[in-house]
Amino acid sequence: MSAATTRSRTPDRLCAEAVDLARSAAEEAAAPGVVGEHAGLASEGDRVVTHFFECKELGYRGWRWAVTVARASRAKFVTLDEVVLLPGPDALLAPEWVPWSERLRPGDMGPGDLLPTDAEDLRLEPGYSGEDEPVPSAAVSHEMAELVEAEDAEVTAGAPANLPAAPSRGSIAAVAEELGMRRARVLSRYGLHIAADRWEESYGAKTPMAQAAPASCVTCGFLAPIGGSLGQAFGVCANEFSPADGRVVSLTYGCGGHSEAAVMPKPPRPAPPVIDETRVDPFPLRPAADSGSVSVGVDGDAAELGHS
């Protein structure tokens with residue numbers, strides 16, 4: 001270790017003793033009463049020392065006022081360099097700044113919010129919009145264009161966006177629009193995979209609801225199929241009483257609302273009444289004599305009872 005390094009680590013005596021000068025400078029820069037006790041010093045180099053004072057400012061717990069003083073070579077007077085407020089080892093600091101694109105979470109967007117996508121977003125890849133030549137494997141390749149010309153259909157010469165009117169039926173742009181190929185960008189294979197992983201994690205076979213389900217969604221009548229390659233593994237739940245109503249669910253997902261899980265039997269229906277219209281039932285106009293609670297006797301018995 002050189003002599004210069006040893007001197008730089010040893011605080012200069014005059015600079016170390018300039019505590020009052022450092023305190024007065026900190027109190028001048030800060031508000032009255034926020035500069036606390038002297039919290040030590042550190043040697044910054046040859047004849048350069050930084051004094052630390054506690055900060056009593058509300059909201060700055062653990063921060064310190066740092067006052068740097070210095071002395072010129074062979075000088076007897078200490079001068080002031082700078083006064084700053086620095087965080088200490090136990091200071092309360094704000095979290096590290098993260099770009100908004102990394103802070104955004106599902107459900108953060110509200111009405112009127114716009115979410116721009118990166119031009120190089122890995123989830124997307126260029127689609128066919130009619131402005132460029134189609135790829136050889138596309139549904140509107142050169143062979144398709146030749147067939148269109150053979151059928152005397154109209155082939156547009158420019159991009160559909162530059163046409164004064166909508167593309168005519170039978171043109172390449174119209175066919176592309178019917179096939180859903182006029183989008184500037186479509187989902188890439190990576191975008192499809194991360195979407196499938198996200199849906200599988202939320203409504204897949206490994207969820208507690210699916211583990212306790214009596215059957216999977218692939219046999220449920222409330223499953224609405226979707227198109228594209230994702231339709232081979234996912235669908236949309238259309239059961240209003242299911243926890244996944246309106247959600248994209250895996251075909252291996254399931255819940256207690258399965259259409260065939262517990263089919264209620266039809267209630268028994270009584271047999272229709274049989275009416276015999278050929279038989280006549282007589283109904284007397286007066287009740288029978290013995291139908292009352294008191295039997296009707298002969299006239300002698302009635303006379304003994306005092307009846308007239």
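Modeller: One cut-off before we start: a residue counts as exposed at over 50% relative accessible area, as buried under 20%, and as partly exposed in between. Also keep in mind that this is a predicted model.

Biologist: Okay, use the cut-off on R74. Is R74 buried or exposed?
Modeller: R74 is exposed, because its relative accessibility is 83%. The residue sits in the loop between β3 and β4.

Biologist: What is the phi of R74?
Modeller: About 65°. That is a positive value, although R74 is not a glycine. Most residues other than glycine have a negative phi.

Biologist: And what about the phi of R47?
Modeller: R47 has a positive phi too, near 60°, and is not a glycine either. Its place is the loop between β1 and β2. R47 counts as partly exposed because its relative accessible area is 28%.

Biologist: Let's zoom out. How many helices and strands does the chain have?
Modeller: There are 9 helices and 9 strands. The chain has 308 residues, and 24% of them count as buried.

Biologist: What share of the contacts joins residues at least 24 apart?
Modeller: That share is 51%, counted among contacts between residues at least 6 apart in sequence.

Biologist: Now a helix. Which residues of α3 are buried?
Modeller: A22, A25 and A26. Helix α3 covers residues 19–29. Seen down the helix axis, the buried residues fall within an arc of 100°, so they line one face of α3.

Biologist: What do the buried residues of α3 pack against?
Modeller: Four strands: β1 (35–45), β2 (48–55), β3 (63–70) and β4 (79–87).

Biologist: And which residues are exposed on the other side of α3?
Modeller: D20 and E28 are exposed there.

Biologist: How does the pocket lining split by class?
Modeller: It has 11 nonpolar, 4 polar and 6 charged residues.

Biologist: How many cavities of 30 Å³ or more are there?
Modeller: The count is 1. The largest cavity holds about 90 Å³ of space. Its lining has 15 residues, and the closest to the centre are C217, C220, C237, S242 and C255.

Biologist: What classes are found in the cavity lining?
Modeller: 10 residues are nonpolar, 5 are polar and none is charged.

Biologist: Back to α7 for a moment. Is E201 buried or exposed?
Modeller: E201, which is in helix α7, counts as exposed because its relative accessibility is 66%.

Biologist: What does V236 touch?
Modeller: Leaving out residues up to four places away in sequence, V236 touches F222, L223, A224, I226, G246, R247 and V248.

Biologist: Last one. Where is G127?
Modeller: G127 is in the loop between β5 (124–126) and α5 (142–150). With a relative accessible area of 27%, G127 is partly exposed.

Biologist: And which residues is G127 in contact with?
Modeller: R183, A184, R185 and V186, setting aside neighbours within four places in sequence. R183 is 56 residues away from G127 in sequence, yet their C-alpha atoms are 5.7 Å apart.

Key
Residues numbered from 1 in each chain as written. Predicted model: local features only at pLDDT ≥ 70, side-chain atom pairs only at ≥ 80, totals over all residues. Heavy atoms only, no water. Helix = DSSP H or I, 4+ residues; strand = E, 2+ residues; numbered from the N terminus. Buried < 20%, exposed > 50% of the residue type's maximum accessible area, 1.4 Å probe, protein only. Contact = heavy atoms within 4.5 Å. Nonpolar A, V, L, I, M, F, W, Y, C, P; charged D, E, K, R; others polar. Arc of directions from axis to C-beta. 1 Å grid on protein atoms, 1.4 Å probe; cavity = no way out; pocket = protein on both sides within 12 Å on 5 of 7 lines; lining within 4 Å. Points joined across faces, edges and corners; volume = space filled by probe spheres on them.
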